Amino acid sequence: MKKLSIVSQVVALSLVASAASYAAGSGSRSSSGHAVIQAAEPFKASVLVSGLDAPWDMLWGPDNWLWVTERKAASIDRINPLTGEKQVAITLQGVHTGPQHEGVLGLALSQDFMKPGGDKYVYTAYTYMDGENEYAKIVRLEYDEKTHKLGNETVVLAGFPAGNDHNGGRLRFGPDGKLYYTIGEQGHNQGANFCKPIEAQRIPTEAELAKKDFSSYAGKILRLNTDGSVPADNPVINGVKSHLFTYGHRNPQGLVFVGDTLYASEQGPSSDDELNILEAGGNYGWPHVAGFRDDQAYVYANYSEAKNCPSVKWDPNHIPEGVPVQKESDWNSPDFKAPLKTFFTVKDGYTFNDNSCPPDSSYICWPTIAPSSVAYYPADGVIKGWRNSILISSMKNGALYRVLLNENKQDVQGDVAKYFHTANRYRMVLVSPDTRKIFVATDNFGNVMDENNHPTHDLSNPGSILVFEYTGK
């Protein structure tokens with residue numbers, strides 16, 4: 001069993017402040033108004049662009065521009081990676097945006113996009129309302145290279161579960177030409193939704209599929225054809241073939257293919273964020289297991305089964321009497337897949353109490369990082385110490401975590417290195433084609449650990465794209 005420890009290899013980042021502004025307690029500002037950042041050698045840091053309205057996904061296009069979704073602005077942009085020039089390709093209509101989980105989310109470019117004889121298709125996913133009900137959909141758009149605009153929206157598949165928490169939302173093409181899409185468990189069994197049952201283990205019935213009832217898709221990762229149909233070689237789970245590729249997820253947001261291997265990051269509850277390899281038909285355990293099936297610091301407290309649930313006080317770590325609980329070792333599935341790494345597993349009896357965190361943001365001090373995306377740093381990259389690694393962005397700690405893969409890229413090895421810590425929520429990480437630059441998109445608001453590991457909601461570079469460039473040889 002692999003347990004994760006963090007090493008002291010940290011590339012520190014801090015706000016650059018003049019003597020006067022530092023004495024006044026504020027960082028210096030560039031002419032564009034955003035806080036300036038710096039990186040310890042052999043990296044230099046800069047802010048490419050700021051003022052974005054919740055950037056969420058980010059890809060490197062074949063036109064050598066960044067393609068970015070702005071969740072709250074309901075737009076897809078092209079951003080020049082050298083100058084920061086922004087061109088809005090489309091502002092989508094009918095998008096439902098919310099405080100932190102709703103709006104325009106994942107983005108995928110067709111594998112033949114802009115190639116000679118190829119197509120002009122761009123795919124995205126967003127949340128929308130149908131009457132009083134909220135859903136998510138995947139749509140296809142066409143790109144006009146002359147006007148640099150997207151249009152001709154066509155629905156690929158609609159009716160996915162969506163809500164005000166844990167929508168997942170990452171959209172990626174696999175080398176097999178299929179679309180992969182993540183859906184969270186909707187934040188059920190916690191917060192304002194604590195009386196709603198978790199359905200990450202529920203598999204659709206044939207009758208539901210016939211009615212295009214996808215309510216059981218919460219807490220799953222989908223695999224679908226570009227026309228929205230079910231691929232013929234999708235796994236059969238509990239006797240049913242559907243769009244489901246894997247199940248038993250909490251809030252999976254990071255997806256990256258390394259060759260034919262699909263890596264995913266998943267946000268845990270109070271501990272045990274995960275890095276997984278996704279296998280067709282695999283059950284990743286939620287809500288019965290968080291991290292490894294080791295009975296360490298987690299039991300499944302099923303608030304939805306508590307008598308008169310609305311009158312019960314929800315607490316994820318100190319479970320009140322009357323709430324049914326189940327140990328991890330009391331559950332098993334023949335399809336269960338353990339994670340490769342966790343962020344972080346703590347011993348049973350861990351209190352989760354930290355007086356340095358105020359009650360309204362106590363989760364910031366829990367042993368989790370809130371992984372939001374993953375990227376692969378290639379084996380032939382220019383940064384020798386980073387070669388053949390998975391990069392994971394953290395919303396809670398404002399940092400990148402680097403995990404080294406083994407030679408066959410089927411497992412991880414060694415410890416984890418932490419880099420580029422700033423007082424920002426890192427939403428998306430992207431490696432440039434020349435492997436010298438690491439681009440990071442930041443959230444507009446939220447709580448985070450600052451550079452001194454103190455909780456703060458005062459973000460240094462909200463709604464920005466940061467660039468960390470390698471200057472070594």
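Visitor: Which residue does a disulfide join to Cys357?

Guide: That would be Cys365, with an S to S distance of 1.8 Å. Keep in mind that this is a predicted model.

Visitor: And which hand does the disulfide of Cys357 and Cys365 have?

Guide: It's right-handed, because the torsion about the S-S bond is about 80 degrees.

Visitor: Are those two cysteines buried or exposed?

Guide: Cys357 is buried, with a relative accessible area of 7%. Cys365 counts as buried too, at 13% relative accessibility.

Visitor: How many disulfides turn up in the whole structure?

Guide: A search of the whole structure gives two. Besides the bond from Cys357 to Cys365, there is one that joins Cys195 to Cys309, S to S 2.0 Å.

Visitor: What parts does the Cys195 and Cys309 pair tie together?

Guide: Two loops. Cys195 sits in the loop between β13 (179-183) and α2 (206-210), while Cys309 is in the loop between β21 (299-301) and β22, so the bond ties together parts that are 114 residues apart in sequence.

Visitor: What's the torsion there, and which hand does it give?

Guide: About -100 degrees around the S-S bond of Cys195 and Cys309, so this disulfide is left-handed.

Visitor: OK, changing topic to the serines. Where is Ser75 found?

Guide: In strand β6, which covers residues 75-79. Ser75 counts as buried, because its relative accessibility is 2% and the cut-off for buried is under 20%.

Visitor: What does the side chain of Ser75 make a polar contact with?

Guide: With the side chain of Asp77, at 3.2 Å.

Visitor: And which residues does Ser75 touch beyond its neighbours within four places in sequence?

Guide: Val68, Thr69, Glu70, Val88, Ile90, Thr91 and Val104 are in contact with Ser75.

Visitor: Last one: where is Ser333, and is Ser333 buried or exposed?

Guide: Ser333 is in the loop between β22 (325-327) and β23 (341-343). Ser333 is buried, with a relative accessible area of 12%. Setting aside neighbours within four places in sequence, Ser333 is in contact with Tyr247 and Asn283.

How values were computed. Residues are numbered from 1 along each chain as its sequence is written. This is a predicted model: local features need pLDDT of at least 70, side-chain atom pairs count only at pLDDT 80 or more; totals for chains, interfaces and linings use all residues. Side-chain values use heavy atoms; hydrogens and water are left out. Helices (H or I, at least four residues) and strands (E, at least two) are DSSP runs, numbered from the N terminus. Buried means under 20% relative accessible area, exposed over 50%, partly exposed in between (1.4 Å probe, protein chains only). Contact means heavy atoms within 4.5 Å. A polar contact is a pair of N or O atoms within 3.5 Å; within protein, one must be able to donate a hydrogen and the other to accept it, and residues adjacent in sequence count only if both atoms are side-chain atoms. A disulfide is a pair of cysteine sulfur atoms within 2.5 Å.
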